[in-house]
Amino acid sequence: MQKNKKITVGIIGLGYVGLPLSIRMASKFNVLGYDVDKERINQLKRNIDNTKEVSKKELLKEKSLKFTNNIKEINECNFYIVTLPTPINKNKKPDLTILKSATKSLAKYIKKDDIIVYESTVYPGVTEEICAPIIEKYSGLKFNKDFFCGYSPERINPGDTKNTIDKIIKVTSGSNEYAAEVIDKLYKSVISAGT
C-alpha cells in the first residue's frame, strides 16, 4: 500500500466476527462489507442484524459502511479482512473449503499493493502456505512484492455484550515488516483496548 494512500476496507464475511468488525472499521475508514448471503445483505441494508451482535442504532450510525453480495464491488477496496468460518470436518480437522473458495474469488480483484488479513480460525501456516499461493495464482501478483498478507485471530465470544470487539486486545501480524506495521496501525486505530 502506497504511503498516505487512503484506505478502503473490504470485510469478507458478515457473521458474528465480520459485522462488528465492519462497524468498528467504519468509525475511521470507508468500509464495504461483503457476504454471499443475499438475504443477509438485504437485512443489513434495512439495518437488521439477526445475529443480534450489532444494534439497529449502530448500523444506522455508520454512514461510511456499505453492504453488498456482489463480489465485483470489492475492487474499490485496498485492505481486505477475511472473517469466514472454518468448520471441523468429520475427521475433526479444519475444513478450509470456504476459506479457499473465498480467497480464489477475492484474488481476481486484488490489485498491486493491496493487503489481505485473515481472521478465520486456522492452524499455523495457512495464510502463507495456502492462501497466499491461491492469490498469486489467480491474481498474477507476487506475494510480499505486489500484495501482502497478515493474520489477526478473531477473539470474539458470540453473544457476549460486555467483552465486545473493541474491548479485547487484538493480536496482529504481517507477512513482512511493512505489512505488519500497516496492519497493526489500522487495527490500533479502531480497537480501544489496543494491539
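Tutor: We shall take the cysteines and then the aromatic rings. This is a predicted model, in which local features need pLDDT of at least 70, side-chain atom pairs count only at pLDDT 80 or more, and totals for chains, interfaces and linings use all residues. Residues are numbered from 1 along each chain as its sequence is written, and side-chain values use heavy atoms, with hydrogens and water left out.

Student: How many disulfides does the count come to?

Tutor: The count is zero disulfides, a disulfide being a pair of cysteine sulfur atoms within 2.5 Å.

Student: What about C77, how far away is the nearest cysteine sulfur?

Tutor: For C77, the nearest cysteine sulfur belongs to C149 and is 16 Å away.

Student: And for C131?

Tutor: The nearest cysteine sulfur to C131 is that of C149, 7.3 Å away, and C131 is in no disulfide. C131 is buried, at 1% relative accessibility (buried means under 20% relative accessible area, exposed over 50%, partly exposed in between, with a 1.4 Å probe and protein chains only).

Student: Now the rings: how many aromatic pairs are there?

Tutor: There are two aromatic pairs. Rings of Phe, Tyr and Trp (its six-membered ring) pair if their centres lie within 6.5 Å; planes under 30 degrees apart are stacked, over 60 edge-to-face, and the rest tilted. F143 and F147 form a tilted pair, with 5.6 Å between centres and 40 degrees between planes.

Student: Why is the pair of F148 and Y178 edge-to-face?

Tutor: The pair is edge-to-face because the planes of F148 and Y178 are at 65 degrees, with the centres 5.1 Å apart.

Student: Is F148 buried or exposed?

Tutor: F148 is buried, at 7% relative accessible area, whereas Y178 is partly exposed, at 30%.
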